[in-house]
Amino acid sequence: MAALALAVSGCLGAGGGGGVSTQPAVATQVSGQVYFAERQLYGGIAVVAKNAAGTTVATTYTGNAGIFSFQNLAAGIYSLTATTGDSETLFATGLQIGADQPVQVPETSLLAVKEAYFDRITSSSVRLVFKSNTAAVSQISYGASTLRTTVSASAATSHSIEVTGLASNTYYDFTIHLQTTSGQRVTRSGLGTWTASGATPTNLSISINSGAYESHSSAVTVYLRASGATQMRVGQKADLSDALLETYATSKSITLSGPDGTKTVYAQFRDASGNVSPILNASIFLATGKEGYLGVWIENGATAVTSTNVLLNLLYPGADKMQVANDAEFTVSYWERYTQYRRWNLPSGDGTKTVYARFSGTGIDSSLVFSASTLLSTPTETASGTASGTTGISSSTVDPDVLTDMIIGRNALPTTNAENISGKTFTLMLEGDSIQLTAAVIERGSLSSANGPTIIESSPIWTVNGITGGNEAYGTIDSLTGAYKTPNARPAVSKIEIRATSQNQYSESGATSVRSASIYIDLQDFWKPRKDGMKNDAGRDIPVYCLIADPIWQPNEDYFLFAGTNGNGVWWARVDSTVETDAATFTWNKSGLASTALITPLSHIVNSLAINTSNHDIAAATEDGVFILGGGIRDYSQVISIASGATKGIAWDRHNPDYLYITQDFGIDRIFQPYTEQPVKQTFWLKDYYTATKMVERTNTFASPPVPVQAYPNNTELLYTGTIRSLNLSFSDPNLLYFGTENGEFGYIKNAQKGTGPLVWQTNQPVFDTETGASRSFVNGYWLVDNNSKSLSPPNGIITDISVDPNSPWTMLVSSSVGAFRSINKGVSFTSLGVVTGINARGTLIDPTNVTYFFVGAEDGLFRSKDAGATWTKISSGLGGQLTVNCFTQSEGPPGSKRRIWVGTTGGVYAGAKSLDLY
């Protein structure tokens with residue numbers, strides 16, 4: 001692929017903590033283009049920047065053309081790696097980044113392991129066979145050892161090694177290491193196998209699609225081998241509880257379940273004497289989605305089709321023309337306008353058919369050819385007319401002796417009567433929920449035949465409530481793909497009819513007519529009220545201003561939710577986690593710090609909550625101090641006061657409950673060992689209105705080794721002027737404490753657990769940043785501070801909430817009274833996030849399962865982004881007049897129907913009726 005021209009520019013920024021710099025530094029940028037050419041994967045590749053110490057400092061993702069960029073990296077030496085699944089490719093090292101030194105990485109086709117599998121597994125040895133997409137030298141490491149064994153000393157694409165001397169019936173992890181002459185290095189982990197035991201089948205092997213790294217279809221073939229085996233079990237659960245014993249065979253076709261990602265298949269073998277082998281496994285990366293993959297797909301990646309007329313999906317964002325052909329030479333094709341979907345006729349005659357495509361446009365290599373193959377198996381011809389290629393209802397008819405029906409399937413064409421969803425009703429949520437439909441006219445009765453349905457026509461016309469393609473009021477359906485998307489607002493009708501109608505007419509009982517079938521959509525609100533029991537003495541719903549779910553959760557155990565109110569204290573609830581189709585109903589309970597009467601004790605005005613993940617206690621920051629609820633028991637009736645004074649923000653170290661951080665009008669305190677009889681309250685950062693500080697440059701250095709410092713002399717300007725409103729600790733780096741003020745100022749403390757912090761002012765006793773080597777001493781009236789502690793471009797407004805990426809302590813999502821903002825550089829600078837700009841945002845969340853999912857609660861509902869803030873969807877149906885989302889939380893658990901979003905509003909708590917993983 002030809003290199004694309006990349007615009008590289010710098011952004012002005014200061015190196016200090018918000019003071020004056022005589023020479024502002026220019027923010028740096030690293031950019032380039034990388035892709036896996038053989039996999040046709042260009043977009044969505046995670047590119048990681050690591051510093052000279054090997055620490056990850058920033059992560060970005062390639063766009064659809066493989067282009068990536070980093071901005072605002074600190075000056076230094078960096079390396080870049082690309083990651084997908086269990087594979088990491090190092091493709092750039094020794095990048096010297098400095099002010100006014102932008103770096104452009106050359107276009108790079110990435111090295112990768114394309115196939116890998118184990119075979120010849122005995123009680124003492126295994127063979128690992130793998131291939132690389134480019135010639136490379138190879139090594140492996142296995143077991144607990146980090147020592148590497150050379151496989152191919154000279155560059156090769158096929159690699160094989162037999163490892164001997166292993167213990168029987170033992171599991172061994174394997175890692176593959178590749179390196180090319182150009183310096184690219186690959187680490188492929190996630191491989192492993194059991195050795196056989198003595199009296200079991202031996203010479204074992206299992207692979208999926210011959211060890212392929214990925215599959216674009218969930219239908220795969222598992223290849224098996226076991227000398228002496230008479231029976232086997234093959235399944236997708238680690239204990240094979242989903243598999244029955246069957247006759248031993250060397251292959252088995254299965255359909256992978258669940259969403260895209262790494263999928264594992266398990267197998268066990270049994271001989272005639274009843275001896276069983278260990279359970280072996282093999283994995284493959286399932287990528288049925290087209291995001292990031294360039295190329296062409298036939299019928300959405302189908303491995304087999306029954307008609308020569310097929311739908312092509314052609315993906316190359318940025319292309320303006322394309323060329324499609326049935327031969328690799330494109331002898332009878334021409335350049336046409338690029339479109340993602342196109343009807344295409346395959347050559348007649350059963351067998352494997354291949355479609356070729358190439359694209360042109362600015363920066364696109366038009367000689368790069370993509371292809372897709374499928375098996376054509378046409379049914380017996382019964383129709384005298386054809387049903388393809390028309391745009392409206394035609395007068396074509398079929399043999400009157402052939403009776404026909406229209407069938408509809410979800411996600412795929414039905415193959416049995418049970419899968420035919422015609423006439424059925426489905427519940428979908430407003431505001432963009434969707435369902436994938438497919439329909440066809442078939443010979444009547446063939447749906448229940450052993451060979452499956454005989455398809456007469458496969459290109460229906462889709463209508464929504466009688467409107468072709470639908471509209472904004474009733475929802476829309478794609479005429480090519482059959483994907484229906486719900487409207488944003490509730491229409492006047494109670495149900496939506498989606499109808500598939502044939503393009504041809506069919507004979508029956510001496511008359512001709514079209515064939516049609518319908519399904520029905522019952523539109524539901526997304527938000528469901530879940531506020532039973534939480535009412536005040538006047539019978540009104542209690543406003544909720546902070547909400548938290550216990551993140552420690554075991555499957556099939558109840559969730560615990562906690563809500564803080566403005567005058568009614570802290571409430572808690574147990575939520576049944578076994579409910580999959582809807583958020584369970586439950587009753588809220590009063591804690592020992594709650595009341596239904598608005599007697600307005602300051603202790604009942606709750607500003608924020610934190611949880612001790614070791615014993616499930618709750619800490620409440622109130623207008624009358626800090627209280628711990630629970631005392632190690634889960635009825636939350638016990639209340640312990642540990643600090644006095646109005647407290648806005650609170651953060652409890654998830655890794656070490658000895659550290660609890662609070663914010664009060666004068667700054668930040670750390671409460672050390674909060675459960676002791678007299679907890680130690682340590683001043684962490686003190687804002688003083690009489691002795692102000694402002695940064696000036698100092699050229700001298702001191703301490704050993706010498707370190708450069710910047711000083712804050714007495715001045716009339718404060719470093720931070722606003723009361724701290726929000727507080728959050730990084731999950732992956734518990735020493736990194738972020739805070740935001742009511743004046744829109746943002747900062748961090750980087751040594752939260754290491755004694756008094758760098759932003760303390762005490763009379764005649766300034767405290768210095770000991771982490772960089774400076775000593776505790778008074779130097780000419782200056783207070784020395786960490787020069788990266790204050791944001792250079794703060795969010796502004798009132799900073800209401802901070803969420804930190806659990807995988808990257810430098811990436812965060814911040815809400816304020818003027819919108820939502822993202823930082824990827826520890827808060828040094830912020831980017832305003834699109835549609836949520838200018839709204840009064842109240843709360844934030846980064847999904848820990850998929851960190852590109854952002855949530856922002858605001859005065860106009862909840863906003864969700866699936867692409868790290870690039871685009872947003874508002875989800876407010878069901879909130880009624882309670883559109884203000886003050887806060888929200890997410891219950892833990894694996895992706896799927898049990899993960900919930902909960903919001904606190906001025907009218908109580910609401911739960912998402914459907915997991916946002918499925919919405």
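Q: What makes Gly 54 stand out in the hairpin of S3 and S4?
A: In this predicted model, Gly 54 takes a positive phi near 85°. The hairpin that holds Gly 54 has 5 residues between its strands.

Q: How do you know that strand S3 and strand S4 pair, and in which sense?
A: Two strands pair if at least two bridges are found between them. Strand S3 (residues 46-50) and strand S4 (residues 56-61) have 5 bridges and run in the antiparallel sense, so they meet the definition of a pair. Within this pair, Val 47 stands opposite Thr 60 in S4.

Q: Why is Gln 503 called buried?
A: A residue is buried when its relative accessible area is under 20%. Gln 503 has a relative accessible area of 6%, and is therefore buried. Gln 503 is found in strand S39 (residues 495-508).

Q: What makes the approach of the side chain of Gln 503 to the backbone oxygen of Ser 459 a polar contact?
A: The cut-off for such a pair of N or O atoms is 3.5 Å. A polar atom of the Gln 503 side chain lies 2.6 Å from the backbone oxygen of Ser 459, so the distance is within the cut-off.

Q: Is Thr 844 buried or exposed, and how do you know?
A: The relative accessible area of Thr 844 is 5%. Buried means under 20%, so Thr 844 is buried. This residue lies in strand S66 (residues 841-846).

Q: Which residues does Thr 844 touch, not counting residues up to four places away in sequence?
A: Thr 844 touches Asp 801, Ile 802, Ser 803, Leu 813, Val 814, Ser 815, Phe 855 and Phe 888. With one of them, Ser 803, the side chain of Thr 844 makes a polar contact of 2.8 Å. For another, Val 814, which is 30 residues apart from Thr 844 along the chain, the C-alpha atoms of the two residues are separated by 6.6 Å.

Q: Why are strand S41 and strand S70 called edge strands?
A: Strand S41 (527-529) and strand S70 (885-890) each have a single partner strand, so one side of each is left without a neighbour in the sheet. The sheet is open, has 4 strands in the order S41-S72-S71-S70, and its pairing is antiparallel. Its neighbouring strands are turned by 30° against each other on average, direction ignored.

Q: How do you know that S70 and strand S71 pair?
A: S70 and strand S71 (residues 901-905) are joined over 5 bridges in the antiparallel sense. At least two bridges are required, so the two strands count as a pair. In S71, Trp 902 is the bridge partner of Thr 889.

Q: What is the order of the open sheet of 3 strands, and which strands are at its edges?
A: The order is S22-S24-S27, with antiparallel pairing. Strand S22 (295-298) and strand S27 (341-345) are the edge strands, as each pairs on one side only. Strand S24 (residues 309-315) is joined to S27 by 5 bridges, and Asn 309 has Asn 345 in S27 as its bridge partner.

Q: Why should some parts of the model not be read in detail?
A: Where pLDDT is low, the predicted coordinates should not be read in detail. pLDDT stays under 50 over residues 1-27, and also over residues 757-788. For the chain, the mean pLDDT is 81, and 84% of the residues reach 70 or more.

Conventions:
Residues are numbered from 1 along each chain as its sequence is written. This is a predicted model: local features need pLDDT of at least 70, side-chain atom pairs count only at pLDDT 80 or more; totals for chains, interfaces and linings use all residues. Side-chain values use heavy atoms; hydrogens and water are left out. pLDDT is the predictor's confidence in each residue, from 0 to 100. Contact means heavy atoms within 4.5 Å. Buried means under 20% relative accessible area, exposed over 50%, partly exposed in between (1.4 Å probe, protein chains only). A polar contact is a pair of N or O atoms within 3.5 Å; within protein, one must be able to donate a hydrogen and the other to accept it, and residues adjacent in sequence count only if both atoms are side-chain atoms. Axes are lines fitted to C-alpha atoms, for helices over the stretch in contact, and angles run from 0 to 180 degrees between N-to-C directions.
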